[in-house]
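Could you walk me through this structure in my viewer, one selection at a time?

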Amino acid sequence: MKIMSFLAAAGIAAVLLQAPASAQTKLSRDEIIQSLQGAQNKVDISADELRKQALENIRKYPGDDASQALPLAAKLAQLRQFVVEITFDFDSARIRPESYETVGIMADALHTPYLFGQKFFVVGHTDAKGDREYNLKLSQRRADSIRDALITTFRVPPEMLEAVGLGEEQLRDPAHPYSEINRRVQLINVGY
């Protein structure tokens, strides 16, 4: 009888120990590939245009209001893309060590034949804390940092990637501009 009770308790403990792990969503290479792949011709959006529009948006709508959509935002929304959370040191473009696994999974996806020959924007975003122009520059440095890590550490061909920082000009959750959900990196497929 003691053996049966012990086995039952061990079985319950095993289920309880597995519950939190299975409740977590794990980023996968296949999810990234499925989100990014798809035949599309090269789109008529350049990284320089995006940067210029973000800066113009700040100057046209000064202050803390970043609620005006960028003119190219609708085009970007139609493209194949994937959003990842990358953590950086505070007020820095240094990728935190715990995010290197995510960057590695991104690189693994970009090395697949399904995405070969295509070009991607690595787009950095911030929340609305701080000055908008400063956030624009910080997001560019962070996007550059992700691009550099993908190229140097994970050997993604440099011609596949272009870094763009949009600061707080495209908040993911405009109702909560200071929320950490607005701090993110997008991979956007801009075609062949």
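Start by selecting Thr102: at 15% relative accessibility, Thr102 counts as buried (buried means under 20% relative accessible area, exposed over 50%, partly exposed in between, with a 1.4 Å probe and protein chains only). Thr102 sits in helix 5. Leaving aside residues up to four places away in sequence, Thr102 touches Leu27, Val84, Glu85 and Ile86 (contact means heavy atoms within 4.5 Å).

A word on what you are viewing: this is a predicted model, where local features need pLDDT of at least 70, side-chain atom pairs count only at pLDDT 80 or more, and totals for chains, interfaces and linings use all residues. Residues are numbered from 1 along each chain as its sequence is written, and side-chain values use heavy atoms, with hydrogens and water left out.

Next, select helix 5 (residues 100-110) together with helix 6 (residues 132-153). Helices (H or I, at least four residues) and strands (E, at least two) are DSSP runs, numbered from the N terminus. The two helices pack at an angle of about 60°, with their axes 10 Å apart (axes are lines fitted to C-alpha atoms, for helices over the stretch in contact, and angles run from 0 to 180 degrees between N-to-C directions). Helix 5 and helix 6 are therefore oblique to each other (under 35 degrees is roughly parallel, over 145 roughly antiparallel, 65 to 115 roughly perpendicular and the rest oblique). Show the side chains that make the contact: Tyr100, Val103, Met106, Ala107 and Leu110 from helix 5, and Ile146, Ala149 and Leu150 from helix 6.

Zoom in on strand 1 (residues 81-84): Phe82 and Val84 form a covered face, Gln81 and Val83 an uncovered one. Strand 1 pairs with strand 4 (residues 184-189) in the antiparallel sense over 4 bridges. Which residue of strand 4 is the bridge partner of Gln81? Look for Ile188.

Finally, go to strand 2 (residues 120-125), which runs parallel to strand 3 and is joined to it by 5 bridges. Here Phe120 stands opposite Leu161 in strand 3.

Definitions and conventions:
Pairing = 2+ DSSP bridges.
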